[in-house]
Amino acid sequence: MQSDCDHLDDFLSGDLPDSKAGRFTAHLASCEHCRAEVDEERWIERLLQSSERLELESPSPALLEDIRSTLTKSRQHAGVLAYGLAAAVVLITAGWIALSGRTASKVQDEPVADISSPLQFARAVVSGENMIVVPIAYGDPDVTVVRLFPTYPPDGDQIVEANPASAKEFDDSLWSQELHGDTL
Amino acid sequence: LPEPRQCARIEPTVTQPPFDALEAHVGMVYRYAMRLAGRADLAEDVTQETLLRAWRRRHNLREPAVARVWLLRIATNVWNDFLRQKKFQPKPLVSEVECHGRADIERTEDQEQVALALAAMDELPPRQRQVLYLATCEELSIAEVAEVLGINVPAVKSSLSLARREMRQRLQDLYNEVCGRAVREAGSKED
């Protein structure tokens, strides 16, 4: 037969149903052993929940600094990846245009972005040789997409003079005047 | 007004915690990591990895109210990964400074008792130690403890009962000493 003392663990865990909890509370008044166990358990809980525990085991200030520093690096790394992705978009676009042999005249109605800095970026990518660089209007100001038009046929050795000014000689003002106009 | 749960579902980005919100839990994660690792240097590694992993996965946290349980769960996973990958040297035989904070300052009597209770807890088997810490120190419900540790509720209850019994046994002498002194002091005041 189960004695009242056997309910000690369930009582301490708060798992004893109300009917049995009342009976066990009455039992505590007469059982010194269970009473001592309950008192000691409450004492241990108070110790472990006291503010002294937090004081004893506080993390070093350097830890927080380390976490912040690592997180900052992680964000910067994400930024580099974003730029890398943008560069990949440029190169893939250039490759696609070169392979398909599209000419600039076929896409002259495409909206052109009103930005100048991508030109510098694209020049760096393609070294400015025999290319016309057109930034494409894109919704995100942080993302630059440019289309590169080779000025020679895919299989040819002969330079096609699509524009009197070669990409090498472009400056931003010329770019703006000629590509936004009807010269292409 | 919609319930907070509905808000979270409609616009999860609103409820994503900024890093400052996670930062507020560094101490809690570190103390739990101390129970897992038993060493300050490892606990710092676990804390750092936990916070960074939490930051990367912050989109998964739809309700900031459960951030504590979510972080403790991540810390448990981080520690399990550490164990699997053996990312640390075995515990040195000569004990190093176990924690920061007040280690180099003379402890008060209360702090000494707390330190002894923590030491007794750290001697428990890992599962009992984790369950006891989460249920008693972090005051999580049995269901939350089960979620943090990825085990079922009966397993939590069983480990918790064993851990409590073991703690009472280990700390009995200290309790009798403290309790007896308190009784004697109360008696002398009455006289």
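Visitor: How many aromatic pairs does a search of the whole structure find?
Guide: This is a predicted model. The search runs over all chains. The count of aromatic pairs is 3.

Visitor: Is the ring pair of Trp43(A) and Tyr175(B) stacked, edge-to-face or tilted?
Guide: The ring centres of Trp43(A) and Tyr175(B) lie 5.2 Å apart. Stacked needs planes under 30 degrees apart, and edge-to-face needs over 60. The planes here stand at 55 degrees, so the pair is tilted.

Visitor: How much area is buried between chain B and chain A?
Guide: The contact draws 42 residues from chain B and 34 residues from chain A. Carbon and sulfur atoms give 62% of the buried area. The total is about 3,800 Å².

Visitor: Which residues in chain B lose the most area to chain A?
Guide: Three residues together make up 20% of what the chain B side buries. Tyr175(B), also part of the tilted ring pair, is one of them.

Visitor: Where does the salt bridge partner of Arg168(B) lie?
Guide: The side chains of Arg168(B) and Glu37(A) meet at 2.5 Å, N to O. Arg168(B) is in helix H10 of chain B, and the pair crosses between chains. Glu37(A) lies in helix H3 of chain A.

Visitor: How many salt bridges are there between chain B and chain A?
Guide: Over all chains, the search finds 18 salt bridges. Arg35(B) and Glu57(A) form a salt bridge at 2.8 Å, N to O. Between chain B and chain A, the count is 8.

Visitor: Which helix gives the most to the side of chain B that touches chain A?
Guide: Several helices of chain B each supply at least two residues, including H4 (26-37), H10 (153-170) and H11 (172-190). The top contribution is 8 residues. That helix is H7(B).

Visitor: At what angle do helix H6 and helix H9 of chain B pack?
Guide: Helix H6 spans residues 67-85 and helix H9 residues 142-149. Among the contact residues are Leu72(B) of H6(B) and Val148(B) of H9(B). By class, the contact has 4 nonpolar, 1 polar and 3 charged residues. The axes run 8 Å apart, at an angle of about 35 degrees.

How values were computed
Residues numbered from 1 in each chain as written. Chains lettered and ligands numbered in written order. Predicted model: local features only at pLDDT ≥ 70, side-chain atom pairs only at ≥ 80, totals over all residues. Heavy atoms only, no water. Contact = heavy atoms within 4.5 Å. Buried area = accessible area lost by both parts, 1.4 Å probe. Salt bridge = Lys/Arg side-chain N within 4 Å of Asp/Glu carboxyl O. Helix = DSSP H or I, 4+ residues; strand = E, 2+ residues; numbered from the N terminus. Axes fitted to C-alpha atoms, helices over the stretch in contact; angles between N-to-C directions. Nonpolar A, V, L, I, M, F, W, Y, C, P; charged D, E, K, R; others polar. Phe/Tyr/Trp six-rings, centres within 6.5 Å; stacked < 30°, edge-to-face > 60°.
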